[in-house]
Amino acid sequence: MPTPNLRALVGTPQTKIGTFLFEFATPGIGQILKAAGADFAVLDMEHTGFSFDTVRSVVRYLQAADLPLIVRVPSQSRHHISRALDTGAGGVMVPIVSSVEQAKAVLEAAKYWPDGTRGVALGLAHERFAMRTEPLLPRFAEQNARTAVILQVEDPRGASAADEIAAMPGVDMLWLGHNDLSVALGEPGAFDHPDFAQAEQATIAAARKHGKSVGRLAVDARQAAQFARMGYDFVSIAGDVWLLQQAFAAGVETIRRG
């Protein structure tokens with residue numbers, strides 16, 4: 001039977017802390033993050049070129065550490081969404097979801113009947129390769145219950161539709177894509193701009209109103225703590241590349257100072 005899953009963390013009040021994996025898809029990464037106190041990790045396919053072979057491996061690494069893994073898929077393609085879940089990922093993060101219609105299409109791809117139309121292939125990685133004899137319907141329900149759906153708000157349309165999207169059964173989390181949102185607003189990197197602040201607050205309020213989670217990536221732990229105070233309950237402390245760079249740069253500076 002599946003182990004405790006990502007959805008058990010969704011909508012709970014405590015801050016969940018994780019990081020993105022952009023580079024270090026190595027066998028020990030799950031246990032390294034678990035030992036450091038992480039609550040989750042996000043494997044990024046959108047900006048890395050990671051293949052599904054890499055996803056399959058990293059899912060196993062994170063399962064070995066009993067650490068929930070989200071896969072950020074490269075598009076809203078049904079093939080990307082359902083295939084990531086078939087590898088056994090605890091959830092999918094889907095980019096640039098700007099309407100209820102797009103959210104419905106994501107849910108269709110992510111959920112089995114009657115909640116969606118995900119293609120049926122049981123007894124594989126998402127069921128831990130167990131040879132099971134139960135009827136299909138309870139197995140569908142089990143997978144639907146363990147599969148987390150995270151939708152990225154990355155433009156003004158998504159922020160405007162956040163309340164409707166967060167109200168949808170099956171949507172577990174809104175994730176603010178801050179860089180893309182600022183670009184879509186015509187103010188790249190202006191995270192203190194009133195339009196950005198309004199879109200951000202609308203996203204946070206929508207998630208909280210409907211008992212869903214809301215997440216954002218921070219540049220460092222200090223900023224992540226700030227985001228938690230703002231109402232984000234899932235925060236990513238940077239990503240693997242930047243964490244290594246930050247730690248090494250701090251060490252170099254200490255040594256140079258003597």
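Phenylalanine 129 lies in the loop between α4 and α5, and in this predicted model phenylalanine 129 has a positive phi of about 60° although it is not a glycine. Arginine 128 is found in that loop between α4 and α5 as well, and arginine 128 likewise carries a positive phi, of about 55°, without being a glycine.

**The loop between α4 and α5**
- Proline 114 lies in the loop that runs between α4 (100-110) and α5 (136-146), and the peptide bond leading from tryptophan 113 to proline 114 is cis, with omega near 5°.

**Threonine 87**
- Threonine 87 sits in the loop between α3 (78-86) and β4 (91-94), and because its relative accessibility is 7% it counts as buried, the cut-off for that class being under 20%.
- Apart from neighbours within four places in sequence, threonine 87 is in contact with Phe52, Val55, Arg56, Val59, Arg60 and Ala125.

**The largest pocket**
- The largest pocket has a volume of about 390 Å³ and is lined by 23 residues, of which Leu176, Gly177, His178, Asn179 and Leu217 lie nearest its centre.
- The elements that contribute two or more residues to this lining are β6 (173-176), α8 (178-184), α9 (194-209), β7 (213-218) and α10 (221-230), with α10 giving the most, at four residues.
- Divided by class, the lining of the largest pocket comprises 11 nonpolar, seven polar and five charged residues.

**Helix α11 and its end**
- Helix α11 (residues 240-257) has 18 residues and reaches 26 Å from its first C-alpha to its last, which is close to the 26 Å expected at 1.5 Å a residue.
- Glycine 258 follows α11 and has a positive phi, near 80°.

**The chain as a whole**
- The chain contains 11 helices and eight strands, and its radius of gyration of 18 Å is close to the 18 Å given by the globule rule for 258 residues, so the chain is as compact as a globular protein of that length.
- The C-alpha trace spans about 65 × 40 × 30 Å along the principal axes of the chain, and 47% of the 258 residues count as buried.
- Of the contacts in the chain between residues at least 6 apart in sequence, 63% join residues at least 24 apart.

How values were computed
Residues numbered from 1 in each chain as written. Predicted model: local features only at pLDDT ≥ 70, side-chain atom pairs only at ≥ 80, totals over all residues. Heavy atoms only, no water. 1 Å grid on protein atoms, 1.4 Å probe; cavity = no way out; pocket = protein on both sides within 12 Å on 5 of 7 lines; lining within 4 Å. Points joined across faces, edges and corners; volume = space filled by probe spheres on them. Nonpolar A, V, L, I, M, F, W, Y, C, P; charged D, E, K, R; others polar. Expected span 1.5 Å × (residues − 1). Rg over C-alpha atoms; globule rule 2.2 N^0.38 Å. Buried < 20%, exposed > 50% of the residue type's maximum accessible area, 1.4 Å probe, protein only. Contact = heavy atoms within 4.5 Å.
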